[in-house]
Structure formats: C-alpha cells, structure tokens
Amino acid sequence: MKRLDVFLKEQKKPELSIIIGEFVKSGKEIYKQLQNIGINGYYSESDEKNASGDSPKKIDIYAHDLLVENLKSTSLVSIIGSEESKELIKCGDFISNKVYDVYFDPLDGSSNLECSGGTGTIFGIFPSSSLSCGDEEEREYKFPKGRDIVCSGYLYYSSSLILTITFGNGTFVFTFDGEHFVENIKSPLVFTDKCQRIYSVNEGSKDKWNDILREQIEVFKKENYTLRYIGSMVADVHRTLLYGGVFIHPTKKLRLLYECIPISFLVENCEGVSYSDATKVLDLTPESLHQKVPIVLGCKRDVYYFS
Ligand code: AHG
Ligand code: MN
Ligand code: MN
C-alpha cells in the first residue's frame, strides 16, 4: 500500500508537503497525549474562554500551541487562524515566495474526550493573500473564498490514527501503522449509489429545525434510514465519507473557515455535496475568523437540496 511520503511527492507541491508534514508530526504528538488523557488530565478545562465562548480543555490549548509552533517553523506560513486564537496569527521570515494561510481546529470534538470518543484536528490551506509581517501599510485582511482552498484534511484520533486529505484531485485516507502513514484500502473515497442509508443529526435540537429539515428527517425515517450521531464532527464525517449518508448540523455552531470549508473540500472530492442553507459551502467567503454556519453534507442521494 502507498505510503504518505510517496503520495505527497506525487503531488509535486513541495511547500504544501512540508506543511502537511508538520500536521502529521503534531498529530502523532496529540494522539500520544490523547492515549494518556485519563492520566494526564488534559480533558480538564483551562481557565480561558475562546472566541466562540467555549471553555477549551487543556488539550485544546496544547494542540493549538504545538501546531502554531510547528507551522511557524516551516517559514512557509503567512497567516494562521485557529479556533483557539481570538485573532489571526501573523508569521514572517519566509524561505519561499510560495507561502500559505492555514486555518485549523486544533482539537474537534473535545466534548468526547473524557469518554475516549473520537476527536480530530481539521485543517484548510489557502495560497496566502496577506501581507507578511512588517509591511508598512496594514491592509484590511481579506478572508479567502472557499473555492480558493488548495489542500484540506483532518487527523482522526480514534482506534487508529488516520489522515484524510485532498489536494483537489480526490480524497485519500492514510492509517498510521506505528511507523508510516499508509494508504487505506478504501482510498480514494467516492460516494456510490450503494452508499448506506444513514442520517446524522442531533435530534435534541429538533425545536430549532426549519420545516425543510423536519420533513426530510421524516422521509429518512419512513425509508428506514439508520441514525448515527457521535457529536464530534470529524468522527461523524469520517463515517459519512466511508459508509455514505448525510451529516447535518442545522444550528449555527460549526465554524465556516476551519471546520465547514475544509470538510466540504473533502466531501466534494468524494463526488459528494455540502451546503449551508441553499448555497454550496465552498461558494461562501467567510466574513470573520469564527463565523458559524449551518451545514448539510454527504452523498447527493441524501442531501435534501437535491431531492
Ligand atoms: P469543537 O469540539 O471543536 O468545539 O467542535 C464541536 C462541534 C463538532 O465537533 C460537533 O459536530 C458539534 O460540535 C456537535 O454539536 P452538538 O453538541 O450541538 O451536537
Ligand atoms: Mn470543532
Ligand atoms: Mn475544537
């Protein structure tokens, strides 16, 4: 099976490969801490509040700090945006004129930590449109359009350490075998018409749903769909990409820039679709770092904007 290093060489994007290498290096460290979470107490809350008003856990901050340090060390990243940073982080001292803006959720699904549920790191990478540090005229930073994304993926921390990634030419899955990340047998992932009938939504928020969603969920129930909901976006999305079906988060909780856009790039590269209300997520341009949007994603058969 193909190793990640061979796959990355084939992409012929050396700067991006170096950045992915830092996500992989950081992911291995985060995974190690997660495996000791019952001992190191990293699931306890830090005494800060993040920009979304959540109280991050110690491991959210650990993952954020590690990723910022490792990404800065590449000298190929101009802007960093993270769920755990109130503002954009500006970097400098580039070693190439090809630099990138990187947005990430350092740890997604933190509410699952104490019960050892699946969690992940979500990332999206864009060609840099910003000024490097030290530029005199500080232009207002323009967030990139969703479609400007050039690479996205997630590290999934569960029974295995998984990397799911796309450069826009298919979505590929790699599993860490203790030494290397090797391509998963189901790679590249493509939704087929045989994909399983699964819907994934938090039914507890039913009173906040609009009529379209309410009616569509009733249709799924009549057609004997299975409900699966883990409450960690990376875990629910990973199952959806491998098994099929639809994942829905209808209330404005998920963040457009570092959750919805990167995941939607993966979904579209599996020949799936991803909408926020009646607009494709990748056709959106974030107005702020922590902007929240509703999302419906999955195989075309089940995303109700298609029905
Ligand atoms: P995070 O842990 O990064 O804050 O993300 C949590 C998100 C996402 O992982 C998941 O899909 C969603 O919260 C679950 O929300 P509900 O509790 O509303 O179901
Ligand atoms: Mn998240
Ligand atoms: Mn998070």
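Predicted model: local features only at pLDDT ≥ 70, side-chain atom pairs only at ≥ 80, totals over all residues.
Residues are numbered from 1 along each chain as its sequence is written, and chains are lettered from A and ligands numbered from 1 in the order in which they are written. Local features need pLDDT of at least 70 and side-chain atom pairs count only at pLDDT 80 or more, while totals for chains, interfaces and linings use all residues; side-chain values use heavy atoms, with hydrogens and water left out.

Let's begin with ligand 1. It is surrounded by 17 residues (a residue is near if one of its heavy atoms lies within 4 Å), and the closest are Asp105, Asp108, Gly109, Tyr229 and Met233. By class, this shell holds five nonpolar, six polar and six charged residues. Here Ala, Val, Leu, Ile, Met, Phe, Trp, Tyr, Cys and Pro count as nonpolar, Asp, Glu, Lys and Arg as charged, and the others, Gly among them, as polar.

Now for the polar contacts, meaning pairs of N or O atoms within 3.5 Å. An N or O atom in the side chain of Asp108 is 2.7 Å from an oxygen atom of ligand 1. Met233 uses its backbone instead, with a polar atom 2.8 Å from a ligand 1 oxygen. For Lys253, a polar side-chain atom sits 3.1 Å from an oxygen atom of ligand 1. Taken alone, ligand 1 exposes 470 Å², and the protein buries 84% of that (Shrake-Rupley areas with a 1.4 Å probe).

A pocket is an open set of points on a 1 Å grid over the protein atoms alone, where a 1.4 Å probe fits, with protein on both sides within 12 Å along at least five of seven lines; lining residues have an atom within 4 Å of a point. Among the 28 lining residues, Gly109, Ser111, Gly231, Lys253 and Arg255 are closest to the centre. β11 supplies the largest share of the lining, six residues.

Finally, the backbone. The Ser187 to Pro188 peptide bond is cis, with omega near -15°. Ser116 has a positive phi of about 55° although it is not a glycine.

Note on methods
Polar contact = N/O pair within 3.5 Å; in protein donor to acceptor, adjacent residues only side chain to side chain. Helix = DSSP H or I, 4+ residues; strand = E, 2+ residues; numbered from the N terminus.
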